[in-house]
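User: I would like to go through this structure with you, one topic at a time. Could you bring it up first?

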Amino acid sequence: EVVVSTSSTTHSLHSIAWNHILQASYMTILHGFSLILTCSTEGRALMSMDLAAYSAGISSESVMERILRKREMKDLRENEESRACVSQMLVASPGDFVMDVQRAGMQHVDAYIKAFYFGEEDLMSWINENCGSYKLGQSLALIMSSSSNSELSSSSSRSKIQQQRVQLMVEQVKNLYQQFEGTEMNGS
């Protein structure tokens with residue numbers, strides 16, 4: 001007969017759930033940012049600031065502070081075991097998986113935001129290097145945004161050459177993703 005500690009199991013389940021919530025939230029932010037095709041440099045900077053504010057707001061210390069503020073201190077003093085469980089679940093050490101998920105999520109989205117600043121050649125290199133980390137639609141959005149921004153700065157009408165260049169980049173990225181998916185399926 002195996003006896004499982006309830007508080008240990010609860011803590012593990014909370015950690016797993018919180019990690020999934022963090023991952024999903026960062027992927028949702030990334031998806032939202034990828035839907036914005038025309039944006040100024042200042043707008044992209046604001047995206048970075050929004051991401052930093054969000055990350056600070058979901059840090060274990062910030063969440064713990066809000067929980068403690070909302071609960072009456074009297075209730076927490078009466079139930080020290082509950083407080084210990086909340087503290088153990090949310091206050092993470094630097095090597096804790098929760099912090100790693102949060103840091104990785106923020107870096108993943110931040111790298112995508114920074115890619116908006118690249119010129120076409122650097123952007124294509126970045127997409128090549130990060131093909132397996134971002135969805136095809138997200139990479140295509142970078143290309144479309146890059147062409148929209150360069151188009152806005154050079155002239156108000158899209159030139160035939162620009163259209164051809166964008167189409168070529170789109171085809172290259174689609175081929176890259178097809179090759180990557182084929183490699184993934186073959187186990188290479």
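User: Which residues does His108 touch, leaving out those up to four places away in sequence?

Analyst: His108 touches Met27, Leu30, Ser133 and Tyr134 when residues up to four places away in sequence are not counted. Contact here means heavy atoms within 4.5 Å. This is a predicted model, in which local features need pLDDT of at least 70 and side-chain atom pairs count only at pLDDT 80 or more, while totals for chains, interfaces and linings use all residues. Residues are numbered from 1 along each chain as its sequence is written, and side-chain values use heavy atoms, with hydrogens and water left out.

User: Where is His108 found, and is it buried or exposed?

Analyst: His108 is found in helix H6. His108 is buried, at a relative accessible area of 18%. Buried means under 20% relative accessible area, exposed means over 50%, and partly exposed is in between, with a 1.4 Å probe and protein chains only.

User: How many helices and strands are there in the protein chain?

Analyst: The protein chain has nine helices and zero strands, and its pattern along the sequence is α-α-α-α-α-α-α-α-α. Helices (H or I, at least four residues) and strands (E, at least two) are DSSP runs, numbered from the N terminus.

User: What share of the residues counts as buried?

Analyst: Of the 188 residues in the protein chain, 34% count as buried. The chain exposes about 11700 Å², and carbon and sulfur atoms supply 56% of that area. Accessible areas come from the Shrake-Rupley method with a 1.4 Å probe, and for residues only the protein chains shown count as cover.

User: What about contacts between residues at least 6 apart in sequence: what share joins residues at least 24 apart?

Analyst: In the protein chain, 72% of those contacts join residues at least 24 apart.

User: Now the largest nonpolar core. Which of its residues touch the most other members?

Analyst: Val109, Tyr112, Trp126, Ile127, Leu142, Ile143 and Val173 do, in a core of 31 residues. The elements giving two or more residues to this core are helix H1 (6–34), helix H2 (41–57), H6, H7, helix H8 (136–154) and H9. H9 gives the most, with six residues. A nonpolar core is a set of buried Ala, Val, Leu, Ile, Met, Phe, Trp, Tyr and Cys residues joined through side-chain atoms within 4.5 Å.

User: Take Ile127. Which residues is it in contact with, beyond four places in sequence?

Analyst: Leaving aside neighbours within four places, Ile127 is in contact with Ser139, Ile143, Val173, Leu176 and Tyr177.

User: And how far apart are the C-alpha atoms of Gln167 and Ile143?

Analyst: They are separated by 9.5 Å, and the two residues are 24 apart along the chain. Gln167 is placed in helix H9 and counts as partly exposed, at 43% relative accessibility.

User: Switching topic: how many salt bridges does a search of the whole structure find?

Analyst: The search finds three salt bridges. A salt bridge is a side-chain nitrogen of Lys or Arg within 4 Å of a carboxyl oxygen of Asp or Glu. Side chains of opposite charge can pair when their charged atoms come close.

User: Which residue pairs with Glu120, and where do the two lie?

Analyst: Glu120 forms a salt bridge with Arg165, and the closest N and O atoms are 2.7 Å apart. Glu120 lies in helix H7 (residues 120–129) and Arg165 in helix H9 (residues 160–186), so the pair ties together parts that are 45 residues apart in sequence. Arg165 is partly exposed, with a relative accessible area of 36%.

User: What does Arg103 pair with?

Analyst: Arg103 forms a salt bridge with Asp100, with 3.1 Å between the closest N and O atoms. The two are three residues apart in helix H6 (residues 97–115), so about one helical turn separates them. Arg103 is partly exposed at 38% relative accessibility, and Asp100 is partly exposed at 30%.

User: And Lys114?

Analyst: Lys114 forms a salt bridge with Asp110, the closest N and O atoms being 3.0 Å apart. Lys114 and Asp110 are four residues apart in helix H6, which means a separation of about one helical turn. Lys114 is partly exposed at 45% relative accessibility, whereas Asp110 is buried at 18%.

User: How many disulfides are there?

Analyst: The count is zero disulfides, a disulfide being a pair of cysteine sulfur atoms within 2.5 Å. Cys39 is buried, with a relative accessible area of 16%, and Cys131 is buried, at 4%.
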